[in-house]
Amino acid sequence: MIGIIGGSGLYEIEGVVVTEKKKISTPFGVPSDSYIVGKFAGRNIIFLARHGLKHAIPPHKINYRANLWGLKQLGVRRVISVGAAGGISPGMRPGTIVVLDQIIDLTAGRDSTYYEGDEEVIHVDFTGPYCPELRKSVIAAGKKSDIKLLKKGTYICTNGPRLETKAEIRFFSGIGADVVGMTAMPEASLAREAEMCYAGIAVVTNYAAGMTRKRLTAREVVEVMHKTGKRISALLKETINLIPSGRRCACRETLREAKI
Ligand code: HPA
């Protein structure tokens, strides 16, 4: 089963035939919204709106643990996450699609692990935060369906919900960030802890703060995401088509080498 998490402005995916909506709770609380179960490119998928279908949950209040746990509970083993981001490095123009390969985590105060240390002490390997096999499928899908995308990019995750200062963006640029967003963490590391494959697609919705003279607006984020929706849906469809049936990557046995 393949899970898709949609960010700001991506509340449904074109071409998905919805069969069921599942409202569930988990040992970690309630997920952002009902899970939309359906068929896409001939496979079973489950969609979740990260901020809720009415976009009522800000990035720092999202129950990432419940969202990922719920997906796993419903049988998902691979997660494709789509999120809006501000462009920092050259070439990261609004409308650019990036298949992320690295993360810098600046979040704080979020519930970020399934292993609080009550029973077991777990340190998962996170050298490469995204599943190489799943990334490969997304990149191949871009090529096959002629959708232009960047094959790598480093995502810096801020706590939000405020946007950044110009000096912060200058600093982020200096430490190697290509795009900035507020939701990749702890989503990516929780997926790793849950031994699910996880790929991250960033849609650049705006130039990051201070990169242009314009002030940033939340509206432009959602507008660009809407405009990119068709391309993202087509990319996801082809990706799902290309994902191999069995998993060969290390994601599925993460915990074997993570226990103290
Ligand atoms: N900063 C942080 N998060 C974002 C941005 C941004 O500029 N654009 C979309 N999500």
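Start with Thr-113. The side chain of Thr-113 makes a polar contact with the side chain of Glu-193, at 2.7 Å. Bear in mind that this is a predicted model. Where is Thr-113 placed? In the loop between strand S7 (102-105) and helix H2 (132-144). Is Thr-113 buried or exposed? Its relative accessible area is 16%. The cut-off for buried is under 20%, so Thr-113 counts as buried.

Now the ligand. The ligand sits in the largest pocket. Its shell includes Ala-84, Ala-85 and Gly-86, then Leu-163 and Glu-164. Val-180, Gly-181 and Met-182 also surround the ligand, as do Thr-205, Asn-206 and Leu-216. By type, that shell splits into six nonpolar residues, four polar and one charged.

Which strands supply at least two shell residues each? Strand S5 (78-87), strand S9 (179-181) and strand S10 (197-207). S5 gives the most, with three residues.

Asn-206 has a side-chain N or O atom 2.7 Å from a nitrogen atom of the ligand. For Glu-164, a side-chain N or O atom is 2.9 Å from a ligand nitrogen. Gly-86 uses its backbone: an N or O atom there lies 3.3 Å from a nitrogen atom of the ligand. How much of the ligand does the protein bury? Taken alone, the ligand exposes 260 Å², and the protein buries 94% of that.

That's my part. Over to you for discussion.

Methods
Residues numbered from 1 in each chain as written. Predicted model: local features only at pLDDT ≥ 70, side-chain atom pairs only at ≥ 80, totals over all residues. Heavy atoms only, no water. Near = heavy atom within 4 Å. Polar contact = N/O pair within 3.5 Å; in protein donor to acceptor, adjacent residues only side chain to side chain. Areas by Shrake-Rupley, 256 points an atom, 1.4 Å probe, with all protein chains shown as cover. 1 Å grid on protein atoms, 1.4 Å probe; cavity = no way out; pocket = protein on both sides within 12 Å on 5 of 7 lines; lining within 4 Å. Sits in = over half its atoms within 2 Å of the grid points. Helix = DSSP H or I, 4+ residues; strand = E, 2+ residues; numbered from the N terminus. Nonpolar A, V, L, I, M, F, W, Y, C, P; charged D, E, K, R; others polar. Buried < 20%, exposed > 50% of the residue type's maximum accessible area, 1.4 Å probe, protein only.
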